[in-house]
Each structure stands twice: as C-alpha cells, then as structure tokens.
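Work through the following exercises with the sequence and the structure side by side. Each task is followed by its solution in steps.

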Amino acid sequence: MNPDIVEIRPGVFSVLLNGRSYVIHEASSNWIALNSIEWERVVADPRLRATAGPAAASAIRDVKAAMPGKVVRLLANSGDTVEAGQGLLILEAMKMQNELRSPRAGVVAAVRVAEGTTVASGQVLVTLE
Amino acid sequence: MFRKVLVANRGEIAVRVLRALRERRIASVAVYSDADRKSLAVQLADEAAYLGPSPSSESYLRIDKLLAAARAHGADAIHPGYGFLSENADFAAACAGAGVTFIGPSEASIRALGSKTSARQLALSVGAPVVPGTDAAITDLSEAKRIASQIGYPVMIKAAAGGGGKGMRMVESESSLEAALRDAASEAERSFKSAEVYLEKALIHPRHIEIQLLGDNHGNLIHLGERECSLQRRHQKVIEESPSPLSALDPTLRHRMGEAALKIARAAGYSNAGTAEFLVDADRNFYFLEMNTRLQVEHPVTELVTSLDLVHLQLDLAAGAVLPLKQDDIRWTGHAIECRLYAEDPANNFFPSPGVIERLELPSGPGVRLDSGVYEGWNVPLDYDPLLAKLAVWAPDRLTAIARLERALSETVILGIRNNIHFFRQLLADPAVIAGDLHTTFLNTFRYQDPKPPSGDALAAALAAYRPNTASLPRSRRSAWRNS
C-alpha cells in the first residue's frame with residue numbers, strides 16, 4: 001500500500017501507512033525524528049562508502065573534535081601505541097570534562113593541540129599513523 | 001514587597017523566577033552575557049542588563065557587575081537562582097552592603113552551612129545523624145583499627161583535604177586496613193600536599209533523599225517533605241521524585257528526616273528556602289550529608305505534591321513576611337517526577353552537545369509541567385551547564401506518574417543537538433526504576449542502548465516523508481540509520 005503523506009507545516013510530515021500513523025520531523029538534511037525518536041540519516045553514497053560504516057574505523061587517521069571546547073589534559077603523546085577506545089585527551093565543554101577516545105588501535109603520529117588550547121568543532125586534534 | 005527584582009542567573013531557572021515575578025506584578029531585571037543576548041530570560045523580563053563576555057567568570061560570577069546592574073536599574077532585591085553565586089556568602093554580604101535584599105538565607109547561615117565540615121560539626125552539635133566516622137585525622141594504625149571496628153566494616157578512608165575520589169580507599173576488613181591507609185595517605189599527599197586522612201563508614205548502595213525547608217526571618221521554620229534523587233550520573237541528579245518510594249514502606253521516615261533537618265537549620269538560624277541532603281542506607285538509617293542554602297533545581301516536584309509555589313514564598317519571606325504556613329498545614333498529594341533534559345549525547349558517553357536547536361516540539365496535556373530556558377532557533381552555548389529544561393509530571397500515584405512522564409517524553413522532539421530524551425524513556429522502562437528500587441550508583445551500571453533502526457513500515461514512512469513528492473520508495477536509495 002502506498003503511504004498517504006501530508007506536509008503539516010514545512011519540514012513536518014504526517015504519514016499514514018497500512019493503517020498506522022507516523023510523524024516525521026526534519027531538521028537539517030541528515031536529521032529526522034520518527035515518532036519523536038531522532039535518527040541521523042546516512043546516505044550510502046558509493047563515493048562515500050570508503051569512509052562510512054563499521055569498516056571505516058580502520059581508515060580514520062584524523063581524530064577530530066566532535067564539538068567546540070578546551071583541551072584540559074593530553075593522555076597520549078606522539079609515538080605512543082594506543083588501543084581502540086583508549087583515551088587520547090580530555091576536552092572540556094559545558095562544565096563537563098570528556099575523554100576523547102581513539103577510534104582504532106594504532107600509533108599516534110602527531111598531537112595537534114596543547115593543554116589549554118580552545119578548539120572548534122571538526123578541528124583535528126590527534127593524527128594516527 | 002519589592003518593587004523590582006534582578007535575577008542574577010540564566011537559563012531555565014532565570015525564566016522560572018521571572019515568571020513568578022510577573023505573577024506577583026513585581027518588575028523584573030534579567031542579566032545576560034554575550035552568549036545570552038537572545039536568551040528566553042531576556043525576552044521575558046521587563047528590563048535587561050548586560051554583564052560581559054560569555055565565560056561566567058566575566059559575567060554571572062561578577063558580584064561588582066551584578067550590583068552595578070541592580071543600582072542602574074533601581075532593583076531593591078536580587079534572586080540568585082541556583083549555581084553561580086547562589087551559595088556565596090560574600091555575595092549575600094555585598095548585597096546587604098549595597099542596600100539590596102538577597103533573596104535567600106542570611107550571610108551568617110550560608111557561612112555556617114557552607115562547607116561540608118562546618119555543616120557536619122553543626123549537625124553533630126544538635127545530635128542529627130551524620131555518616132559515622134572520625135572528625136580528626138587518623139594518626140596511627142591502632143587508632144584506625146579501633147575506630148573501624150567500632151563503626152563497622154566496610155569503611156572508607158578519605159583525604160581530609162580531598163575531593164574527586166583522590167586519596168579514597170574502601171576497606172572491607174581489618175587485614176587490608178594498614179595497606180589501604182598507607183596508599184590513601186600517599187595519594188592524598190601527592191594530590192593535595194596533605195597526607196591527612198580520616199575514616200567514615202562506607203554506605204553500600206545508599207539512596208539520596210533530601211528535605212525541603214522553608215523559614216522566615218522571625219524564627220519560624222517548617223519542612224515540605226522529601227525528594228528522592230538517587231538517580232545520578234557523575235554526581236549529577238537526572239531524575240527526582242516526591243514522595244520517595246521509601247515513604248510508602250515507612251511513613252515515619254519523612255517525619256524523622258524532617259525533624260533532623262529542622263534541628264540543623266534552627267541551629268544555623270536558617271531562613272528562606274533550603275535543602276538538607278541525606279544518604280539513606282538499606283536499613284533506612286539516614287545520615288546528614290550537606291545543606292544547600294538556596295532553591296534547588298528539583299524544587300518543582302515538591303511544588304507539585306504540596307501545591308505551594310516556592311519562589312512566591314521566597315519573595316514573601318525575603319520581604320519580611322511571617323511564614324504563612326504551619327507544619328500541620330502541609331499536605332502531600334499524589335506523586336511527582338521530574339527529569340532533566342540535557343544537551344548531551346547518551347550514545348557517546350553523554351558528551352555535551354551545544355549548538356542550534358533546529359526543531360523543538362514540547363509536551364503538554366494533563367499533569368505536565370515544563371520549566372524550559374530554550375526555544376526553537378536558540379543556540380545552546382558551550383560556556384554553561386547543558387541543562388535545557390526540566391520536564392515534571394504529577395499523577396495520583398507513582399506508576400501513573402511514570403507512565404505520564406514517558407508519555408510526555410514521547411511528545412518531545414529536539415533536533416539539531418543531541419539530548420537525553422531517549423535515555424529517559426529507556427530508564428523509565430527499567431524494572432528497578434518502576435519498582436522504586438533506587439540507589440546513587442544505579443546509573444553506573446545502567447547500560448543505555450540505542451533503539452533498533454526503523455524497519456518495515458516505519459522505515460518506509462520515514463523514507464516517504466523524506467521525499468514527499470515520491471509516492472513510492474526509491475529503490476536506488478540505500479540508507480543506513482544511526483540513532484542519536
């Protein structure tokens with residue numbers, strides 16, 4: 001059965017499908033809420049496949065800040081061998097300190113920030129070999 | 001009554017106080033930093049004063065700037081909210097010096113109850129129960145052995161100058177006491193330049209239960225019952241409720257804890273709103289922990305079960321009114337639960353998540369109260385606490401309240417930043433939470449799990465809406481889904 005879709009207001013949709021009611025909220029292109037539960041929609045573009053999905057962790061070289069903050073402590077140095085999940089540094093934001101962990105096992109090629117550095121979202125903090 | 005009140009805070013608590021001022025027809029002054037120029041508080045206030053740059057050390061923590069703003073706007077009282085300067089005796093003194101009423105207890109009460117050790121001494125002096133232990137540093141092993149066997153194992157060794165778990169050791173039996181003392185002392189020496197340690201009875205899986213107090217400037221003091229706040233993460237409360245599930249098992253507990261809290265508050269000459277925090281062990285023994293000399297984040301659950309407005313009462317009492325209620329006037333009805341909506345990512349170790357709220361849908365309906373400091377389009381700053389809003393519900397009984405909170409959460413949508421709505425929905429479905437079987441380390445072992453990605457019709461509906469002009473599913477679009 002085809003879904004019955006109406007746009008309630010810009011970016012908010014009511015969908016009726018097989019007798020059930022769904023509400024979808026869209027935010028930016030990648031985020032939606034389906035019946036109020038949020039999802040990030042990752043389009044599996046073949047050109048992006050190399051960096052998406054579970055296989056991608058082994059390919060990550062640059063560890064980036066997920067959000068703006070301040071580096072309060074370095075937990076790894078250049079040349080260190082780290083395990084997957086091992087803490088690399090501690091970032092502080094919103095009164096909370098958060099440990100940034102290594103996405104994979106490897107050797108730290110370079111630590112790009114110092115203690116006290118204020119970093120922007122997406123900034124490269126640590127590079128793995 | 002005051003003519004004009006300055007609210008020396010930000011976020012949801014500034015909004016909460018501004019609303020009370022509007023209800024009392026008192027003019028209001030909001031304050032703001034660079035990050036908060038577009039805040040909801042500024043929009044809801046009659047007047048607003050700029051404090052300075054975003055870091056709180058240059059804005060919300062600046063006594064001089066706050067008093068200058070109060071002077072410039074002609075405010076005759078200041079409400080400090082919670083956090084920031086709310087428990088700062090110097091701020092209370094500076095307000096008095098500037099001829100502005102500080103809406104809270106006296107400077108002397110804040111000093112008497114301000115540090116854990118002085119509050120503990122005060123509690124001991126009036127015979128209120130504290131966690132059994134030594135008050136002075138332990139100097140030798142035989143003394144430690146004697147005291148440990150007296151208070152009973154397990155015991156906790158703590159650094160006298162300490163905090164943050166440094167210099168702390170749990171000791172299960174006498175055989176490991178000597179080594180643990182040595183380790184704790186050397187760790188304390190390294191961390192705090194003081195090797196002094198003391199002993200305390202180790203409480204296993206205690207509950208955190210606190211008593212709301214209210215007093216006037218004429219010596220009248222009552223309690224408004226308890227709040228259970230055992231669900232904590234990193235010592236931060238996330239869900240609070242009143243009454244405590246323990247109250248149903250032991251109706252005398254509220255009265256006994258209330259009396260202990262009142263004794264401590266009376267000894268400190270306490271006035272206005274305050275909270276005595278206790279730990280409660282498995283045998284329902286309770287131990288005084290500390291006093292919060294201010295309004296608490298979780299005050300709405302007390303308001304919902306007592307039908308009182310604590311901020312209105314704070315205003316009256318600070319203005320010199322006699323407490324309009326006696327202890328016997330206080331009645332508790334039904335059950336209230338509150339959860340704290342934070343800008344954080346439960347799927348990523350609760351990483352803070354500042355940024356723009358792109359879409360916001362808020363709950364309403366029977367028994368729902370929302371204390372929010374945000375709106376759609378608001379940019380949640382990275383400079384402050386990640387609390388966005390408090391969602392509280394009231395229902396005739398606890399299980400209905402849990403179901404109602406779950407329902408309200410299911411109506412809530414926050415997009416653009418990560419949040420803990422789904423974490424709460426999972427937590428409220430946990431059998432231990434439903435049974436009221438709570439303790440302060442519960443969340444250390446609670447494992448949040450991402451929901452399963454949508455499939456079948458749900459996925460089809462989501463994809464259909466994603467491209468509303470496409471009547472059927474585009475076969476070429478393969479999608480992966482990741483929950484926040």
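Two strands pair if DSSP finds at least two bridges between them; strands (E, at least two residues) and helices (H or I, at least four) are DSSP runs, numbered from the N terminus. This is a predicted model: local features need pLDDT of at least 70, side-chain atom pairs count only at pLDDT 80 or more, and totals for chains, interfaces and linings use all residues. Residues are numbered from 1 along each chain as its sequence is written, and chains are lettered from A and ligands numbered from 1 in the order in which they are written.

**Exercise 1.** Find the bridge partner of B:V155 in strand 8 of chain B.

Step 1. Strand 6 of chain B covers residues 155–159 and pairs with strand 8 in the antiparallel sense, over five bridges.
Step 2. Within strand 8 of chain B, B:K201 is the bridge partner of B:V155.

**Exercise 2.** Explain which strands of the open sheet in chain B stand at the edges.

Step 1. The order of the three strands is 7-6-8, with antiparallel pairing.
Step 2. Strand 7 (169–171) and strand 8 (197–201) of chain B each have a single partner strand, so one side of each has no neighbour in the sheet.

**Exercise 3.** Describe the secondary structure and burial of chain A.

Step 1. Chain A has 13 strands and zero helices.
Step 2. Of its 129 residues, 26% are buried (20 or more other C-beta atoms within 10 Å of the residue's own, with C-beta atoms placed from the backbone).

Methods. Buried ≥ 20, exposed ≤ 12 C-beta atoms within 10 Å, placed from the backbone.
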